[in-house]
Amino acid sequence: MAARGGFSSRIGFIAAAAGSAVGLGNIWQFPYVAGQNGGAAFLLIYVFWIFLIGYPIMLGEITLGRSAQANPYGAYKKYGGKIWGLVGLFGILSGIMILSFYNVVSGWAFGYFLETAFGNLLENEDHSTFFGEYVSDFSDNLWFSLGFMAITAVIVLQGVKKGIEGSAKILMPALFALLLGIIVYGLSLPGAMEGVKFYLLPDFSLITGATIYSALGQAFFSLSLGMGGLITYGSYLSKKENIVSSAGLVAIADTMVAFLAGLMIFPLVFSQGQSPSEGPGLVFVALPGIFQAMGPILGKVVGSSFFLLLCFAALTSTISLLEVAVAYFIDERKWSRRKAVIIMATLIFLIGIPSMLGYGAIQSLTQFTFYEGSSKSFMDLIQDVFSVIALPLGGFLLSIFIATRWTTAKFSEEISKGAENYKGSFLEGFLNIMIKYVCPVVLGFMFVLTVLQKFFNVELF
């Protein structure tokens, strides 16, 4: 444990693990997906999936990591042999590829923060055209993404306690403070209560198969499961830690950030009479117009605070994504942390360049043909393969691994270290049923449906 480093306190682990889960999916994606799927009705189903599927898989990852004291590859290999080790390697590869495009979007957020605070974003009348020109400008994106990766690398270079834990203890409280500050302001605006009603008063007639499916996907992705990030963080945990309550607090913190993000954005959107179902452009196209309507001074303060919040959320996730790859090379290849961080940060940044070029800079990457009849941006393709499809597959395989190879008995035994009343409890029985039966079925079904939707254009609902 000492050789690998570890978290110095329970709160340090919870802050870091919550930071790993909290990211652009909570602040950027959750509000627009909720807006497209009925608001409050979607929120209720999202919370249901978080604790029915997300919590057991999260606990599985943390427990496996702590038991093995190893990165995802080492953990799977230790208890399942080299064949199962490939599952861990696939998770690490998924994390690398996710970070390659995630860093690009983080660079957009960083650039928008600078453009709002010091530039001319709020003076522009056509925010849709501005965004299109902005993401197709390779030179600006190159520097912003490079800067974001450099900040991530410097933090990870400091190690588990000083870097990951230390930054999380600063970034997570700052993120909550910014969220609450913007929420308080947004609720004071005329028309804001209509946004609150849309978000908090459910209309169950709006629930469809698509709503349930979208809520499951959002719940799973928002917790950053299926790629081994929490296996890695779990490996830095003390055997004395109560991981039942710690994992619960991480799930609650992640859910709270997503909930607050909606409570922040919908009052702002409704106060300006805009549609809550704007889609992915809600943050980068609709919100700048809302900030602009607040006036030159107030709009700049609120707008720059929002994009700074987006940067903080992104940074807590890029740190964990980089750490997964770094931990593998430290554990398995015996690299120094410095060597692993510099090489992997550089490599991942370079891998992300085609995604950076795939939003207008190069046409062949903007409309990338993966197979006959399919055309999407290169970034969207990478996201579909390594995030939308690979993560539920990773969760499915984890549950199968625990149920059939590691066994739920050993899973329970590891959890009980630090959780004295766990053995024989209702929670033990519930989690064992979830891991053995429910999670494999739900995540396997989700994986198949997503493949059919993304690569065979099958209309699911």
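Which residues is E323 in contact with, leaving aside its neighbours within four places in sequence?

## Residue E323

E323 is in contact with V156, I164, T232, Y233, Y236 and R337, once neighbours within four places in sequence are left aside; contact means heavy atoms within 4.5 Å. The residue belongs to helix α13, which covers residues 296-332. Helices are DSSP runs of H or I with at least four residues, numbered from the N terminus.

E323 has a relative accessible area of 0% and is therefore buried. The classes are buried for under 20% relative accessible area, exposed for over 50%, and partly exposed in between, using a 1.4 Å probe and protein chains only.

## Model and confidence

This is a predicted model, in which local features need pLDDT of at least 70 and side-chain atom pairs count only at pLDDT 80 or more, while totals for chains, interfaces and linings use all residues. Residues are numbered from 1 along each chain as its sequence is written, and side-chain values use heavy atoms, with hydrogens and water left out.

The chain has a mean pLDDT of 92, with 97% of its residues at 70 or more; pLDDT is the predictor's confidence in each residue, from 0 to 100. Among the elements of the chain, the lowest mean pLDDT, 85, belongs to helix α12 (residues 281-293), and the highest, 98, to α14.

I351 is placed in helix α14, residues 337-351. With a relative accessible area of 26%, I351 is partly exposed. Not counting residues up to four places away in sequence, I351 touches I96, M97 and S100. The C-alpha atoms of I351 and A403 are separated by 35 Å, the two residues being 52 apart along the chain.

F368 is found in the loop between α16 (363-366) and α17. Its relative accessible area of 22% makes F368 partly exposed. Between the C-alpha atoms of F368 and G358, ten residues apart along the chain, the separation is 8.1 Å.

## Crossing of α3 and α17

The axes of helix α3 (residues 40-68) and helix α17 (residues 378-406) come within 10 Å and cross at roughly 55°. Because of this angle, α3 is oblique to α17; angles under 35 degrees count as roughly parallel, over 145 as roughly antiparallel, 65 to 115 as roughly perpendicular, and the rest as oblique. Axes are lines fitted to C-alpha atoms, for helices over the stretch in contact, with angles from 0 to 180 degrees between N-to-C directions.

On the α3 side, the contact is made by I57, G60, E61, T63, L64 and S67, and on the α17 side by G395, L398, S399, F401, I402 and W406.

Key. Helix = DSSP H or I, 4+ residues; strand = E, 2+ residues; numbered from the N terminus.
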